[in-house]
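Here are a few notes to read alongside the structure. They take up some helix packing and then a pocket.

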Amino acid sequence: MNISVNFPKNSPSQHLSPEQTAEFGRRIDTIRREVMEHLGEQDAQYIYKIRNFVRYSEIASRGMLMFAGWIPPVWVVGTGLLGISKIVENMELGHNVMHGQFDWLNDPSLNGANYDWDTMAAGDDWKYTHNYVHHTYTNIVGKDHDVGYGLLRVSESQKWEPRFLLNIPLAMQLMVFFEWYVGLQNLHLEDALIYKTKTWQQVWQDASKFRKKARRQILKDYVFFPVIAGPNALPVLAGNAIANVIRSLWSSAVIFNGHFTEDAETFEADNTENETRAEWYLRQIRGSSNFTGTQSLHILSGNLSHQIEHHLFPDMPANRYAQVAPQIKALCAEYGINYNEANFFQQFGSVWVRLAKCSLPNSMTHTFMQSLQKVKGIFA
């Protein structure tokens with residue numbers, strides 16, 4: 001078998017023979033088929049409930065800000081509720097619908113080709129960078145732009161540059177402005193800013209869809225709603241801005257937890273065009289991380305708390321991931337494949353350890369990890 005991806009030698013997962021790999025893939029296919037053949041009313045009702053929550057929570061929160069936003073407690077509640085509404089729309093509704101998870105309903109309003117979410121990223125741009133590039137070349141350095149977003153160093157396979165000494169502060173501001181970075185991702189701004197392989201004229205031309213979408217979002221949140229609020233314009237403006245930051249902070253934390261934990265593997269491309277489906281499954285599992293929590297946490301994360309299952313089955317309705325996760329976990333245990341799972345805070349903490357480690361040249365990583373172990377020992 002022509003192995004298509006170079007798997008890391010220090011992986012916590014066992015090496016599988018070609019025969020084991022093929023059988024592993026067949027069993028993953030069986031799990032997927034059993035769910036996809038039984039989609040129905042339960043799944044339809046779930047996504048309609050999510051959509052109703054988004055609609056009514058937005059109406060309620062915007063109403064509070066517009067009519068009583070000058071009262072501090074009302075402003076706090078209204079802003080918080082609007083942030084939650086935007087999170088659910090972004091994570092559990094928009095992200096999943098735009099993956100085509102509910103195309104089978106034949107409801108044009110929930111069709112992946114038609115839906116465009118309430119965020120800066122133009123639907124077509126995002127579906128190319130995320131649905132195609134990221135989900136095809138997941139965690140392959142040099143092919144998957146989500147490996148650091150052109151801003152961070154999250155793999156020792158990435159060439160170190162002095163700018164990566166700022167990995168930690170860069171990651172912090174990436175979280176605050178995550179909505180903007182996702183919207184701009186398709187432009188590869190680092191090629192113009194740092195590597196000079198792209199002109200700003202090219203960037204401007206490529207940004208036509210982003211400019212249109214960003215203009216619409218800015219006019220909606222920062223002009224239209226404040227203006228119609230009249231004397232409450234300032235509380236509405238501030239509430240909208242903070243709600244957008246709340247969404248960015250949360251969505252980026254979820255994404256970081258799913259991709260940048262210490263045990264999430266990255267890969268070097270070899271002959272990816274020859275990669276079998278079973279090999280692709282293995283790469284998705286080994287390059288992903290799950291975090292545990294309550295049902296509310298799963299909904300707020302768009303069920304990307306089951307990032308492993310999402311990478312395996314991106315077009316499966318996300319409300320089904322909790323159902324298949326135990327089966328995937330058991331299968332991984334049987335074959336000796338690391339199933340990277342911990343609680344939210346453990347995964348989030350390991351993200352920052354990885355970012356700190358990758359901020360240094362590889363020659364200094366060992367010294368850094370020794371120092372980190374000594375610090376951990378003090379608090380053990």
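1. Start with helix α3 (residues 72-97) and helix α10 (residues 233-259): their axes come within 8 Å and cross at roughly 45°. This is a predicted model, where local features need pLDDT of at least 70, side-chain atom pairs count only at pLDDT 80 or more, and totals for chains, interfaces and linings use all residues. Residues are numbered from 1 along each chain as its sequence is written, and side-chain values use heavy atoms, with hydrogens and water left out.

2. With that angle, α3 and α10 are oblique to each other (under 35 degrees would be roughly parallel, over 145 roughly antiparallel, 65 to 115 roughly perpendicular, the rest oblique). The crossing of α3 past α10 is right-handed.

3. Which residues in α3 meet α10? Among them are Trp-75, Leu-82 and Met-91 in α3, while the α10 side includes Pro-235, Trp-250 and Val-254 (contact means heavy atoms within 4.5 Å). By class, this contact of α3 with α10 has 11 nonpolar, 7 polar and 2 charged residues.

4. Now look at helix α2 (residues 41-68), whose axis comes within 8 Å of that of α3 and crosses at roughly 150°. That makes α2 roughly antiparallel to α3. The α2 and α3 crossing is left-handed, and the residues of their contact divide into 18 nonpolar, 5 polar and 6 charged.

5. Last, the second largest pocket holds about 370 Å³ of space. Its lining has 18 residues, with Gly-142, Val-147, Gly-150, Gln-158 and Glu-190 nearest the centre. By class, 6 of the lining residues are nonpolar, 5 polar and 7 charged.

Note on methods
Axes are lines fitted to C-alpha atoms, for helices over the stretch in contact, and angles run from 0 to 180 degrees between N-to-C directions. Helices (H or I, at least four residues) and strands (E, at least two) are DSSP runs, numbered from the N terminus. A crossing is left-handed if the near helix is turned anticlockwise from the far one by less than a right angle, and right-handed if clockwise. Ala, Val, Leu, Ile, Met, Phe, Trp, Tyr, Cys and Pro count as nonpolar, Asp, Glu, Lys and Arg as charged, and the others, Gly among them, as polar. On a 1 Å grid over the protein atoms alone, a cavity is a set of points where a 1.4 Å probe fits but cannot get out, and a pocket is an open set with protein on both sides within 12 Å along at least five of seven lines; lining residues have an atom within 4 Å of a point. Grid points are joined across faces, edges and corners, and a volume is the space filled by probe spheres set on the points.
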